[in-house]
Amino acid sequence: MKPINVALIGLGTVGCGVFQNIHIHQQRLEELAGTPIRISTIVIENPDKHKKIATKANVTTDINDVLNDPEVDIVFEAIVGKEPAFTYLKKCIQANKHVITANKELFAAHGSELKVLANENHVKIGYEATTAGGIPIIQTIQQLLKANQVQEVQAILNGTTNFILTSIRENNQTFDSALNEAQKLGYAEADPTNDVEGFDALFKLMILSDLIFKKLPEPEYIKRIAVNEVTNDYVNKLLADNKRIKHIATLSYDSSGNLTAKVEPVAITQEHPLYAVEGVNNAVHIKTDIVGELTFTGPGAGAFPTASAMIEDFCRIIEKEQSAIPVI
């Protein structure tokens, strides 16, 4: 049987996590696919930085090495920013290749377009890794909540800010010292703007909005408040009242029927479903009209939670491909 050939775009933290896990779990993945799995091409900006990587793959700077190769079946995209990622994914889909992305900024802006394009070209698009780290919230909503109508989402969608707020409270650290620790541990980027100002959580909230409500809130109904103004005094005052502050993303309809999205620091009590979510963990709490309230928790920062979500998307794609092959 023909091997499944994989291309990888980007070899940063997430890309390396995908690369390592495909190799570590290769036997398991090949048993699932019923055929060998091979990383055939890696597209990166600076190949010289990765000379020590042990691979037989074609390491290149040219996306055309993927697009023009009919043997490439599935493309993992693990770079940062809307471009050139959007252009790359569009071209990969148009070249009839399945794609898997972890790029939340890209998918918040262009997810609807890419999903339509994938459908038109009869390929699959996996984007579980764009939202809530290792929590399989996309697949849960798509596959397991078909009859239930989601009415509201409250979530902790950024592991970096949750780690910082936990450290301020538990270790009496300042915001800056907690951020510095997060950077040393690899939870925060050198430029943490997207995390601490709520952009990262907002991108993820927009992806959930498109998935659940098939639309995005109008700009006037979107609210984003940074977390970097949280002080030790305020955290300690809340602690005395048995409250904790969390950077919470909320998606819901207001009393006038407007879809609203908010990312903001919120003081919550012990009764709140997100109260005990600590460190780099993420959580998604949803209210539905049939089953009621559900809460999902899991790791939200680091290479392996994101790589895990991408590998799971990969497994779903290859399972569907194998089931589509007629038995002779």
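Helices (DSSP runs of H or I, at least four residues) and strands (E, at least two) are numbered from the N terminus. The model is predicted, and local features need pLDDT of at least 70, side-chain atom pairs count only at pLDDT 80 or more, and totals for chains, interfaces and linings use all residues. Residues are numbered from 1 along each chain as its sequence is written, and side-chain values use heavy atoms, with hydrogens and water left out.

A pocket is an open set of points where a 1.4 Å probe fits, with protein on both sides within 12 Å along at least five of seven lines. Lining residues have an atom within 4 Å of a point. Points are joined across faces, edges and corners, and a volume is the space filled by probe spheres set on them.

The largest pocket holds about 1300 Å³ of space. Its lining comprises 48 residues, with Val 14, Ala 78, Ile 79, Val 80 and Glu 189 nearest the centre. Two or more lining residues come from each of helix 1 (13–24), helix 5 (104–120), helix 7 (159–171), helix 9 (193–196), helix 10 (199–213) and helix 12 (303–324). Helix 10 gives the most, 3 residues. By class, the lining has 19 nonpolar, 19 polar and 10 charged residues. Here Ala, Val, Leu, Ile, Met, Phe, Trp, Tyr, Cys and Pro count as nonpolar, Asp, Glu, Lys and Arg as charged, and the others, Gly among them, as polar.

The second largest pocket has a volume of about 430 Å³. It is lined by 19 residues, and Val 123, Lys 124, Ile 125, Gln 142 and Lys 320 lie nearest its centre. Helix 5, strand 6 (125–126), helix 6 (137–144) and helix 12 each give two or more residues to this lining. Its classes are 7 nonpolar, 6 polar and 6 charged.

The largest nonpolar core has 51 residues. Such a core is a set of buried Ala, Val, Leu, Ile, Met, Phe, Trp, Tyr and Cys residues joined through side-chain atoms within 4.5 Å. Buried means under 20% relative accessible area, exposed over 50%, and partly exposed in between (1.4 Å probe, protein chains only). Val 153, Leu 157 and Leu 208 touch the most other members. Helix 10 supplies the largest share of this core, 10 residues. A second, separate core of 27 residues includes Ile 22, Met 310, Phe 314 and Ile 317.

Beyond four places in sequence, the partners of Leu 157 include Asp 200, Ala 201, Lys 204, Leu 205 and Leu 208. Asp 200 lies in helix 10. At 7% relative accessibility, Asp 200 counts as buried. Its contacts outside four places in sequence are Lys 104, Leu 157, Asn 158, Asn 194 and Asp 195.

In helix 11 (residues 232–240), Asn 232, Val 235 and Leu 238 are buried. These fall within an arc of 130° seen down the axis, so they line one face of the helix. The arc is that of the directions from the helix axis to the C-beta atoms. The face turned away carries the exposed residues Asp 233, Lys 237 and Ala 240. The buried residues of helix 11 pack against helix 7, helix 8 (175–184), strand 9 (244–253) and strand 10 (259–268). Just after helix 11, Asn 242 takes a positive phi of about 60°.

Conventions:
1 Å grid on protein atoms, 1.4 Å probe; cavity = no way out; pocket = protein on both sides within 12 Å on 5 of 7 lines; lining within 4 Å. Contact = heavy atoms within 4.5 Å.
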